[in-house]
Amino acid sequence: MTAAHPRPEVTSSRVPRARLVLILAALTMVGPFTIDAIFPAFEVMGHELGADKVAMQQTMSVYLVAFAVASLFHGSLSDALGRRPVIIAGSLLYAVTSAVCALAPNLPMLLGARAAQGLVAGAGMIVGRTVVRDLFDGAHAQRFMSHISMIFAVAPALAPIVGGWILGWGSWRTIFWVLAAYGLVLVALTLTSLPETHPADRRVAFHPRLLLASFASAAGDGGVLRLSSAIALNFGALFLYISSAPAIVVDHLHLGERDFGVLFVPLVLTMMVGSFLTGRLAGRVRQGVFVLSGFAIALAGGVFAFAYQSLVDVPTVAWTVVPAATASLGVSLVFPILTIALLDLRPRERGAVSSFQSFLSTCLNAVVAGVLSPLVSGSLTTLALVAGAMTAGALALWWWHRARTHAKALRHDDHVHIEGLAPEPTDQL
């Protein structure tokens with residue numbers, strides 16, 4: 001058996017690789033579609049529900065807070081019950097809660113339904129990433145994750161465009177009905193095409209007390225905390241642009257509700273390019289080069305954005321979109337590598353580690369959407385400065401983790417030399 005192929009003991013059937021990529025990518029697309037598809041409808045929803053722009057931003061915040069809390073449990077539940085049952089239950093409940101959103105008569109009811117939606121929406125994304133690591137090792141896991149990321153990249157660009165189209169022939173409620181139908185499609189795909197990758201003999205009993213202890217242990221693990229925080233800040237810089245899309249497109253660029261593609265299409269193109277490069281060059285280029293390149297590209301875009309927005313009075317579409325696109329490219333280069341490295345820190349607790357990382361990232365995204373975006377989106381200069389600072393923070397955390405990893409490896413090498421043993425090679429970030 002080689003790491004290039006799925007491990008035979010964890011697959012009950014042979015599923016074509018391309019189909020597996022599509023299914024897992026479809027599961028991870030739930031998050032972006034749930035957030036981004038309603039952006040074009042913000043103004044219409046606000047008028048109908050009597051809510052201002054700040055109140056409408058909270059439809060994202062309550063979703064993300066609930067998503068963060070529930071993400072603590074999805075991975076651990078899949079460690080105990082198996083991957084398929086958690087994905088199927090999460091997708092089914094996602095369809096139900098999306099329907100409740102569509103029927104909400106007022107803003108408080110909508111916020112409650114969005115919170116319920118957030119509790120179940122992360123099951124597919126979190127457990128899906130664990131499925132990849134169940135099946136593949138090393139460069140093959142990185143390559144497979146990059147394929148998923150390349151398809152997943154379509155979601156942030158496609159969601160607001162689809163939302164605008166739906167709004168053209170329906171209403172904002174129709175968007176949620178479409179999301180409900182998407183949840184049912186995911187249930188059907190999982191039932192018919194996704195194998196169970198976590199067999200019964202590898203499962204760990206689910207105990208809330210042990211779960212809290214596991215998360216406390218993960219939070220106290222310096223490596224887990226550093227890499228999880230780096231991933232969260234790196235994506236948070238991009239999410240600041242995404243969550244500020246209504247202000248960028250409508251207020252600053254003076255475009256309409258069907259013009260969100262001018263911001264999101266470049267995001268998908270750059271993310272697809274980055275994911276393609278990561279998959280194509282996996283095993284050929286050192287992982288540290290990929291990570292450093294991703295951070296450097298994102299920082300360069302942030303510096304340009306700050307300088308440009310400081311010098312012009314009326315921003316143009318092209319030069320306003322460039323920093324968001326470079327952040328997207330940086331995320332796509334960095335995310336697959338850091339995610340695999342994070343999951344490898346605790347091989348027997350991958351579900352719990354994936355949940356912890358998702359919790360941390362989603363908590364930050366909730367702050368970005370509910371606090372940072374309303375505060376900074378009124379000025380493109382301030383927005384660029386804050387996004388750049390988040391990327392710089394992610395780079396600093398990764399560099400710190402890299403230095404600690406190298407120092408630990410050197411101490412290990414010195415020890416085995418003293419014992420008269422040959423040191424084992426290490427694949428470090």
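**Entry 1. Salt bridges**

I looked up the charged pairs and found that glutamate 48 forms a salt bridge with arginine 173, their closest N and O atoms being 3.1 Å apart. Glutamate 48 belongs to helix 3 and arginine 173 to helix 10 (residues 172–193), so the pair ties together parts that are 125 residues apart in sequence. I note that this is a predicted model, in which local features need pLDDT of at least 70 and side-chain atom pairs count only at pLDDT 80 or more, while totals for chains, interfaces and linings use all residues. Residues are numbered from 1 along each chain as its sequence is written, and side-chain values use heavy atoms, with hydrogens and water left out.

I took a salt bridge to be a side-chain nitrogen of Lys or Arg within 4 Å of a carboxyl oxygen of Asp or Glu. Helices are DSSP runs (H or I, at least four residues), numbered from the N terminus. I checked the cover of glutamate 48 and found it partly exposed, with a relative accessible area of 47%. For such classes, buried means under 20% relative accessible area, exposed over 50%, and partly exposed in between (1.4 Å probe, protein chains only).

The search of the whole structure gave two salt bridges. In the other entry I recorded, arginine 346 pairs with aspartate 221, with 3.2 Å between the closest N and O atoms. This pair links distant parts of the chain, 125 residues apart: arginine 346 is in the loop between helix 16 (317–345) and helix 17, and aspartate 221 is in the loop between helix 11 (208–220) and helix 12 (222–243). Arginine 346 is buried, at a relative accessible area of 16%, whereas aspartate 221 counts as partly exposed at 23%.

**Entry 2. Second largest pocket**

I then turned to the second largest pocket, whose volume is about 480 Å³. A pocket is an open set of points on a 1 Å grid over the protein atoms alone where a 1.4 Å probe fits, with protein on both sides within 12 Å along at least five of seven lines; lining residues have an atom within 4 Å of a point. Grid points are joined across faces, edges and corners, and the volume is the space filled by probe spheres set on the points.

I listed 26 lining residues, of which Phe42, Lys53, Pro246, Ala247 and Asp251 lie nearest the centre. Helix 3 (42–49), helix 4, helix 13 (245–252) and helix 17 (350–376) are the elements that give two or more residues to this lining. Helix 13 gives the most, with five residues. By class, the lining holds twelve nonpolar, nine polar and five charged residues. Here Ala, Val, Leu, Ile, Met, Phe, Trp, Tyr, Cys and Pro count as nonpolar, Asp, Glu, Lys and Arg as charged, and the others, Gly among them, as polar.

**Entry 3. Backbone at histidine 254**

I noted a positive phi of about 60° at histidine 254, which is not a glycine. Most residues other than glycine have a negative phi. Histidine 254 sits in the loop between helix 13 and helix 14 (261–280) and counts as exposed at 63% relative accessibility.

I found leucine 81 in helix 4, partly exposed with a relative accessible area of 47%. Its C-alpha atom is separated by 9.3 Å from that of proline 199, 118 residues apart along the chain. Valine 69 also has its place in helix 4 (residues 53–81) and counts as partly exposed at 40% relative accessibility.
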